[in-house]
Amino acid sequence: MTTDKHPENASAPAPEAAPVAVLGLGLMGHALAAALLRAGHPTTVWNRTPAKADDLVAAGAVRAGTPAEAVAAAPLVIACVTDYDALHAFLDPVEEAALRGRTLVNLTTGTSAQARDTAAWAAERGLTYLDGAIMATPQGIGTAEVAIAVSGPRAEFDRHTPALRGLAGDIPYLGADQGLTALYEMAMVGLMWSFLNGWLHGAALLGTAGVSAAEYTEIASKGIPAVVGWLPGYAKQVDTGTFPPDDATLDIHRVSMAHLVQESESLGVNAEFPALIKAFADRAAAAGHGGEGYPVMIEEFRRPAAKPQ
Ligand code: FVH
């Protein structure tokens, strides 16, 4: 897997302001279409509920009456809807002749299996399929700070990267396997929700002392970069399978985990989240890893939970 930014060997890239069609104008799809319009791309839009296109049409977009009309309007078709069932609900009925020769960039969230199945579905219809993972909220679309990872055929990635750069400043290429981008997105949303749940649990704890979420966040933000800084070293431990306790042993973490459970219970705050954290560590310790570094817990995540007896 290579992650190329701004590929130098772009083969015959589409013109900078190539026409694009956007299907799905929810919070994210609408932001995508608006950014492409601002970047000067002739943009055709379609949404199941037509009214969501009104302001985009007022800003210069062309409204397609049907998904087939939208697909026929541009060689590059971007879809961003709730899930893959929604995607197929409106794409499956589109005639194969309309799809053939086009490139679909699907920015809908889904599983790696759904991405690979859709890639096969597209190939049967002569439609090139690129799968994308948006690592941003709608507010970040069109800014240089955000990234959209893409995987699929390299030539089509190169060809359409100029247009995709209207959406994000960084378009890392993750290789030919469309499922890999979807898997990355699953990993990233798991990381995001775990982080946000920890933040919410902390806000609930401090809320019992009258500390606002804003005050808590101001202090918590001072420690977050340090945790992010541990990741490259921890990644090396996971990749090599050796977990020296350079900063702390798992057992020392477990002592504090017990405190977090106890604190939550004594303050009447939900203790399930800290209890789950501690359960993973206890299992790793029971397997003899208490004296190793925190990343040794990777083994607890690499296998399904043991079935309750
Ligand atoms: N919002 C975000 O920050 C995240 C960032 C990362 C990527 N996600 C994914 O983007 C997909 C769309 O998310 P969204 O936030 O735009 O979602 P909604 O605002 O709820 O819009 C949903 C659109 O999907 C259309 N839709 C739903 N079902 C169907 C269907 N059966 N047939 C046709 N279209 C359908 C819906 O149409 P309508 O309700 O307006 O008629 C909206 O256009 C999603 O995968 C995120 O995980 C966003």
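This is a predicted model: local features need pLDDT of at least 70, side-chain atom pairs count only at pLDDT 80 or more; totals for chains, interfaces and linings use all residues.
Okay, let's start with what sits around the ligand: the shell divides into ten nonpolar, nine polar and three charged residues.

Residues are numbered from 1 along each chain as its sequence is written, and side-chain values use heavy atoms, with hydrogens and water left out.

So, who is in that shell? There are 22 residues around the ligand, and Met28, Asn47, Thr49, Lys52 and Thr109 are the closest; being near here takes a heavy atom within 4 Å. Helix H1 (27-38) and helix H4 (84-91) each supply at least two shell residues, and H1 gives the most, with three. Helices here are DSSP runs of H or I with at least four residues, strands are runs of E with at least two, and both are numbered from the N terminus.

Now the polar contacts, meaning pairs of N or O atoms within 3.5 Å. The side chain of Thr109 has an N or O atom 2.7 Å from a ligand oxygen. For Arg48, a polar side-chain atom lies 2.8 Å from an oxygen of the ligand. Leu27 uses its backbone instead, with an N or O atom 2.9 Å from a ligand oxygen.

Which pocket does the ligand take up? A pocket, on a 1 Å grid over the protein atoms alone, is an open set of points with protein on both sides within 12 Å along at least five of seven lines, and lining residues have an atom within 4 Å of a point.

That second largest pocket holds about 940 Å³, the volume being the space filled by probe spheres set on the points, which are joined across faces, edges and corners. It has 32 lining residues, with Met28, Cys80, Val81, Thr82 and Thr109 nearest its centre. H8 contributes the largest share of that lining, eight residues.

And the largest pocket? Its volume is about 2,200 Å³. It is lined by 35 residues, and Leu191, Ser194, Phe195, Val227 and Tyr294 are the closest to its centre. H9 brings the largest share of this lining, twelve residues. By type, the lining has 26 nonpolar, eight polar and one charged.

Definitions and conventions
A polar contact is a pair of N or O atoms within 3.5 Å; within protein, one must be able to donate a hydrogen and the other to accept it, and residues adjacent in sequence count only if both atoms are side-chain atoms. Ala, Val, Leu, Ile, Met, Phe, Trp, Tyr, Cys and Pro count as nonpolar, Asp, Glu, Lys and Arg as charged, and the others, Gly among them, as polar. On a 1 Å grid over the protein atoms alone, a cavity is a set of points where a 1.4 Å probe fits but cannot get out, and a pocket is an open set with protein on both sides within 12 Å along at least five of seven lines; lining residues have an atom within 4 Å of a point.
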